[in-house]
Amino acid sequence: MSINPDAAEHTQVRSNARAALWRLAGPWWLFLVTGIAWLIIAVMVLRFTTTSVVTVGVLIGVLFLLAALNEFVIASVHHSWRWAHILLGILFAVGAIWAFIHPFSAFWALASVLGLLLIFKGALDIITAFMTKDVSSAWWLSLVVGILEIVLGFWASQQLFPARGALLLLWVGFFALFRGISEIVIAFEVRSRQRHG
């Protein structure tokens, strides 16, 4: 029985890519801490109180702040389109400040464009699924989530404003819950791989 050299080389490339990813993952306990933080956020959001709305508003502020920092880092590294990255970073920073000052308003602003955001996020998840097909054995999960997000996005676009708010709370709550669980699982997987690899 002969072994296909192309298949063996492809398997070796995949194995090397996975090993490199585990080495670059950083300290395993960081995933554990962030996973626990996501679970706490999930509990706060899924309680469906005014605190849930404020929590999502603050999360929007954190997301905008991280996006602003990302744009400033890109502007410092890449010289082309530097002005555009700086302008976008300033806009994200202003959005973060507004979300921290008025988290309730930030929540309802996000709820008003929820359908578009879900469609956009679903498209990104589908693209990511196909791009990580050779590295991740769970790529199909991202594909399924992306398709569901697109379907949900079109459905949310047809709903009344309060229904979008409730859907946003559910989406953020379950996203935080699943993100927390997956990061805790990744933490122990990284710990195991780093010890044995």
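Student: Does Gly89 count as buried or exposed?
Tutor: Gly89 counts as buried because its relative accessibility is 0%. Buried means under 20% relative accessible area, exposed means over 50%, and partly exposed is in between (1.4 Å probe, protein chains only). This is a predicted model, where local features need pLDDT of at least 70 and side-chain atom pairs count only at pLDDT 80 or more, while totals for chains, interfaces and linings use all residues. Residues are numbered from 1 along each chain as its sequence is written, and side-chain values use heavy atoms, with hydrogens and water left out.

Student: Which helix is Gly89 in, and what does Gly89 touch?
Tutor: Gly89 sits in helix H4. Setting aside neighbours within four places in sequence, Gly89 is in contact (heavy atoms within 4.5 Å) with Ala68, Glu71 and Phe72. Ile74 is 15 residues from Gly89 in sequence, and their C-alpha atoms are 9.6 Å apart.

Student: Back up a bit. How many helices and strands are there?
Tutor: The protein chain has eight helices and zero strands. Read from the N terminus, the elements go α-α-α-α-α-α-α-α. Helices (H or I, at least four residues) and strands (E, at least two) are DSSP runs, numbered from the N terminus.

Student: And what share of the chain is buried?
Tutor: Of its 197 residues, 25% count as buried. As for contacts with a separation of 6 or more, 74% join residues 24 or more positions apart.

Student: OK, helix packing. At what angle do H3 and H5 pack?
Tutor: Helix H3, residues 50-77, packs against helix H5, residues 103-112, at about 80 degrees, and the axes are 7 Å apart. H3 is therefore roughly perpendicular to H5. Angles of 65 to 115 degrees get that name; under 35 is roughly parallel, over 145 roughly antiparallel, and the rest oblique. Axes are lines fitted to C-alpha atoms, for helices over the stretch in contact, and angles run from 0 to 180 degrees between N-to-C directions.

Student: Which residues make that contact?
Tutor: H3 brings Thr50, Val53, Val54, Val56, Gly57, Val58 and Ile60, and H5 brings Pro103, Phe104, Ala106, Phe107, Trp108 and Leu110. Sorted by class, this contact of H3 with H5 has 11 nonpolar, two polar and no charged residues. Here Ala, Val, Leu, Ile, Met, Phe, Trp, Tyr, Cys and Pro count as nonpolar, Asp, Glu, Lys and Arg as charged, and the others, Gly among them, as polar.

Student: What about H4 against H5?
Tutor: Helix H4, residues 82-101, meets H5 at about 115 degrees, with 5 Å between the axes. On the H4 side are Trp98, Ala99, Phe100 and Ile101; on the H5 side are Pro103, Ser105, Ala106 and Ala109. That contact of H4 with H5 has seven nonpolar, one polar and no charged residues.

Student: How many residues are in the largest nonpolar core?
Tutor: It has 19 residues, and Val45, Val56, Ile60, Phe107, Leu168 and Leu169 have the most contacts inside it. Such a core is a set of buried Ala, Val, Leu, Ile, Met, Phe, Trp, Tyr and Cys residues joined through side-chain atoms within 4.5 Å.

Student: Which helices supply that core?
Tutor: H2 (28-45), H3, H5, H6 (114-131) and H8 (161-196) each supply at least two residues. H8 gives the most, with five.

Student: What does Phe107 touch?
Tutor: Beyond neighbours within four places in sequence, Phe107 contacts Val53, Val56, Gly57, Ile60, Gly165, Leu168 and Leu169.

Student: New topic: is Ser52 buried or exposed?
Tutor: Ser52, in helix H3, counts as buried because its relative accessibility is 0%. A polar atom of the Ser52 side chain lies 2.9 Å from the backbone oxygen of Met44. Not counting residues up to four places away in sequence, Ser52 touches Met44, Val45, Arg47 and Leu169.

Student: And Val54, where is that one?
Tutor: Val54 is in helix H3 too, but Val54 counts as partly exposed because its relative accessibility is 31%. Its C-alpha is 9.9 Å from that of Met44, 10 residues apart along the chain.

Student: Last one: what does Glu149 contact?
Tutor: Glu149, found in helix H7, contacts Leu118, Ile119, Lys121, Gly122, Asp125 and Trp171, leaving aside neighbours within four places in sequence. Glu149 counts as buried because its relative accessibility is 7%.

Terms used: A polar contact is a pair of N or O atoms within 3.5 Å; within protein, one must be able to donate a hydrogen and the other to accept it, and residues adjacent in sequence count only if both atoms are side-chain atoms.
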